Amino acid sequence: MGKNKRNNEILRLFDLSNKIAIVTGAAGQLGGEYVLTLLSAGSRVAAFDVWLDNPKSKLKNITSERLISLKVDITDKRSIQQGLGALLSRFGNPNVLINNAAIDAPPNATEQDTGPFESYPESSWQTMMDVNLKGMFLCCQVIGGYMAKTGGGSIINISSIYGMLSPDQRIYEYKKKPFFKPAAYSVSKAGVLNLTRYLAGYWAKQNVRVNTLTLGGVFNNQDETFLKNYTSKVPLGRMAREDEYNGAILFLASDASSYMTGSNLIIDGGYSCW
Ligand SMILES: NC(=O)c1ccc[n+]([C@@H]2O[C@H](COP(=O)([O-])OP(=O)(O)OC[C@H]3O[C@@H](n4cnc5c(N)ncnc54)[C@H](O)[C@@H]3O)[C@@H](O)[C@H]2O)c1
């Protein structure tokens, strides 16, 4: 094969112009990056979020004929079905789903929400599980189920290093009030790993690939002591920039990852290597 022909074919592996993608949590810090990455590679994209008006959304000033923004609450099956319906009438059958929406300590976190395990509120546990796990389950059921009926696709489930490893609570010890990364976040993100494996096996014959993308912490103007404590645990010595997961999204969404399913791609600056 000629060198130019091979070069063109390699680049074509990452071309998304035949893709119709859904990104949940698209108005958040990383979801916006993923939407812009998919658009740049030629995909049509439905941006789902329960809070589209987030003033920090990267999609606020983006107008593209290949982008549709839809208010969808992933904890509500009907809302997901309506979002899918709107996407179908605008673009057609989806073949990429990025399950990115999640909550950590809720926005209105009380002291108890980040307090000791022994007094962690049952209602906060439920809220976290509803969004991070039930929401992902419902998106897989509705959108992944549709993909399984219509030719297949790629599902990318977003997890965290705290879904593989326990948070090291010592990095928060400097805070004035006792602060603990909640167990509910870790447990919900651990559940993502096996939902991925389960569905990879379940939908293999229908050509739906399902993988987890596990992320390390992203720089977001955290205070200096936190940065020092966290980055001392990272071989690369820093938090991720918010654009450093885009290459993995392109890989997992595209045919470049055609032989990959049921896997967990870990990108954490080396956090989990020692
Ligand atoms: N930022 C990090 O350091 C980091 C590290 C590891 C993993 N992650 C994971 O990456 C993903 C994105 O994180 P982020 O930092 O961009 O978070 P973010 O809070 O900036 O964005 C999350 C988005 O999800 C949306 N959302 C919340 N509940 C929803 C619901 N019920 N229905 C629809 N949308 C809903 C929010 O409105 C928000 O726009 C999450 O799964 C998170 O666990 C983030």
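**Reading the ligand site, the pocket and the cavity**

Biologist: I see a backbone N or O atom of L30 sitting 2.8 Å from an oxygen atom of the ligand. How should I read that, and which side chain has an N or O atom 2.6 Å from a ligand oxygen?

Modeller: Read it as a polar contact, a pair of N or O atoms within 3.5 Å. The side chain is that of D49, with an N or O atom 2.6 Å from an oxygen of the ligand.

Biologist: What should I keep in mind about the model itself?

Modeller: It's predicted, so local features need pLDDT of at least 70 and side-chain atom pairs 80 or more, while totals for chains, interfaces and linings use all residues. Numbering starts from 1 along each chain as its sequence is written, and side-chain values use heavy atoms, with hydrogens and water left out.

Biologist: Which residues come nearest to the ligand?

Modeller: Count a residue as near if one of its heavy atoms lies within 4 Å. That gives 26 residues around the ligand, with L30, D49, N100, Y185 and K189 coming nearest. By class, the shell has 14 nonpolar, nine polar and three charged residues (Gly counts as polar, while Tyr and Cys count as nonpolar). β5 (153–160) gives the largest share of that shell, three residues.

Biologist: How many helices and strands does the chain have?

Modeller: Seven helices and seven strands, taken as DSSP runs (H or I of at least four residues, E of at least two). From the N terminus the order is α-β-α-β-β-α-β-α-β-α-β-α-α-β.

Biologist: And what radius of gyration does the chain have?

Modeller: It's 19 Å, which agrees with a compact globule because 274 residues would give a value near 19 Å (C-alpha atoms; 2.2 Å times the number of residues to the power 0.38). The C-alpha trace spans about 60 × 45 × 40 Å along its principal axes.

Biologist: How do I look for empty space?

Modeller: Rolling a water-sized probe over the atoms shows where space is left.

Biologist: What lines the largest cavity?

Modeller: Among the lining residues are T24, I74, N99, N100 and C139. α4 gives the most, with five residues. The lining splits into five nonpolar, five polar and no charged residues.

Biologist: What volume does the second largest pocket have?

Modeller: About 230 Å³. Its lining has 15 residues, of which F117, K181, P182, A183 and A184 lie nearest its centre. Both α4 (122–149) and α5 (183–202) give two or more residues to that lining, and α5 has the largest share, three. By class, ten of the lining residues are nonpolar, three polar and two charged.

Conventions: 1 Å grid on protein atoms, 1.4 Å probe; cavity = no way out; pocket = protein on both sides within 12 Å on 5 of 7 lines; lining within 4 Å. Points joined across faces, edges and corners; volume = space filled by probe spheres on them. Polar contact = N/O pair within 3.5 Å; in protein donor to acceptor, adjacent residues only side chain to side chain.
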